[in-house]
Amino acid sequence: MALLTILGVGPGDPDLITVAGLKALRQARTVAYPVAQPGAEGMAARIAAPWLHLEQRHLPLHFPMTTNPEPCQQAWHCAARQLVQAVAERPPVVLLCEGDVSLYASASYVVLQLQRMAIPRLTLRLIPGVTAMAAAAAAAHWPLALQTQQLLIAPAPETPTALDALLAKAEMLAFHKVGQRWAWLREALEQRDLLPQTLVAERVGWPDQRLVPAAELPAGSCSYFSLVLVRQAWPSLLPRDLGDAGTAV
Ligand SMILES: C[S@@+](CC[C@H](N)C(=O)[O-])C[C@H]1O[C@@H](n2cnc3c(N)ncnc32)[C@H](O)[C@@H]1O
């Protein structure tokens with residue numbers, strides 16, 4: 001069976017895998033996963049570790065942490081070729097992905113590359129995972145969007161002007177890839193009176209998960225594996241005290 005499955009795991013917690021995902025993982029003879037550096041431990045591989053078995057071949061795929069197009073494109077191409085070879089040699093193959101397979105996922109580039117390569121007889125299957133955003137909202141009991149509200153998903157902005165442009169677009173915002181940007185973002189949110197309605201969710205699903213009201217998190221940098229969830233408003237049908245209760249973490 002020339003099957004390649006792109007599979008979302010976690011975030012953090014191995015138990016968040018879907019039943020379809022667990023079945024695919026158990027049947028896989030090759031398990032591929034992204035690594036940021038050759039020899040490094042892959043985060044998705046660590047999450048899936050409890051479900052792996054000894055007979056499976058491991059295939060780390062190097063995706064450099066850069067926005068420089070050339071090394072990125074080389075890495076996607078190389079990963080796609082390695083996967084095609086693995087499918088020929090030791091199928092079925094699973095490529096692990098942290099969270100959902102379609103949201104800011106390295107796997108998406110591999111899928112696009114494979115589609116361009118149009119490999120005959122390659123069956124490609126994508127099994128969605130739980131986004132870090134959904135896992136954070138569930139862990140914090142934080143409704144993400146209600147009624148007609150809009151939810152905007154974006155990387156954390158780089159400047160106050162970019163922040164204002166995003167705030168103008170939606171009531172709810174989920175900022176990804178926060179890391180060092182928290183240093184200025186915290187101050188900008190405070191100046192806009194949004195700190196009390198903002199939640200920082202760090203390393204969701206991992207044993208050291210932190211869900212912190214933004215006001216309690218100092219302005220230093222936070223983990224790259226952090227989300228900043230900003231609620232600008234509750235829907236008008238909600239009694240005030242219900243909204244206040246829902247803002248607490
Ligand atoms: C490359 S994206 C991967 C997103 C992932 N595919 C998803 O569905 O959530 C990485 C960003 O997602 C967020 N993220 C991923 N895992 C996380 C976690 N366990 N806790 C908090 N945020 C996480 C962070 O904002 C991080 O910078």
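Contact here means heavy atoms within 4.5 Å. The views below are taken from a predicted model.

Figure 1. Thr198 belongs to strand β8, which covers residues 198-202. With a relative accessibility of 2%, Thr198 counts as buried. When neighbours within four places in sequence are set aside, the residues in contact with Thr198 are Trp142, Leu189, Val212, Pro213, Ala214, Val228, Leu229 and Val230.

**Figure 2. Ala136 and the buried residues of helix α5.** Helix α5 spans residues 132-140 and contains Ala136. The relative accessible area of Ala136 is 0%, and the residue is therefore buried. Residues up to four places away in sequence being excluded, Ala136 touches Ala201, Val204, Leu211, Leu227 and Leu229. Directly after α5, His141 adopts a positive phi of about 55 degrees. For reference along the chain, Ser108 is 28 residues from Ala136, and the C-alpha atoms of the two are 22 Å apart.

**Figure 3. The salt bridge between Glu158 and Arg181.** The structure holds six salt bridges in total. In one of them, the side chains of Glu158 and Arg181 meet with an N to O distance of 2.9 Å. Glu158 is placed in the loop between β6 (151-155) and α6 (160-167), and Arg181 in the loop between β7 (172-176) and α7 (182-191), so the pair ties together parts that lie 23 residues apart in sequence. The two partners fall into separate classes of accessibility: Glu158 counts as exposed at 53%, whereas Arg181 counts as partly exposed at 24%.

**Figure 4. The salt bridge between Arg186 and Glu190 in helix α7.** Arg186 is joined to Glu190 by a salt bridge in which the closest N and O atoms are 3.3 Å apart. Both residues lie in helix α7, with a spacing of four residues, or about one turn of the helix. Arg186 is buried, its relative accessible area being 13%, while Glu190 is partly exposed with a value of 44%.

**Figure 5. The salt bridge between Arg203 and Asp208.** The side chains of Arg203 and Asp208 form a salt bridge with an N to O distance of 2.9 Å. Asp208 counts as partly exposed, at a relative accessibility of 42%.

**Figure 6. The interface of domain 1 and domain 2.** The protein is divided into domain 1 (3-130) and domain 2 (133-247). The centres of the two domains, taken over C-alpha atoms, are separated by 29 Å. To the contact, domain 1 contributes 12 residues and domain 2 contributes 13 residues. The area buried between the domains is about 970 Å², and carbon and sulfur atoms give 75% of this area. Within domain 1, Met43, Leu103 and Tyr104 supply 50% of the area buried against domain 2, more than any other three residues. Between the domains the count of salt bridges is zero. One residue pair is in polar contact across the interface, with both residues at pLDDT 80 or more. On the side of domain 1 that touches domain 2, the largest share, three residues, comes from helix α2 (residues 43-48).

Figure 7. A disulfide is a covalent bond between the sulfur atoms of two cysteines. The search of the whole structure finds zero disulfides. For Cys78, the closest cysteine sulfur is that of Cys72, at a distance of 13 Å, which is too far for a bond; the cut-off applied to a pair of cysteine sulfur atoms is 2.5 Å. Cys78 is partly exposed, with a relative accessible area of 40%. Cys222, by contrast, is buried, with a relative accessible area of 7%.

How values were computed:
Residues numbered from 1 in each chain as written. Predicted model: local features only at pLDDT ≥ 70, side-chain atom pairs only at ≥ 80, totals over all residues. Heavy atoms only, no water. Buried < 20%, exposed > 50% of the residue type's maximum accessible area, 1.4 Å probe, protein only. Helix = DSSP H or I, 4+ residues; strand = E, 2+ residues; numbered from the N terminus. Salt bridge = Lys/Arg side-chain N within 4 Å of Asp/Glu carboxyl O. Domains from an automatic or database assignment. Buried area = accessible area lost by both parts, 1.4 Å probe. Polar contact = N/O pair within 3.5 Å; in protein donor to acceptor, adjacent residues only side chain to side chain.
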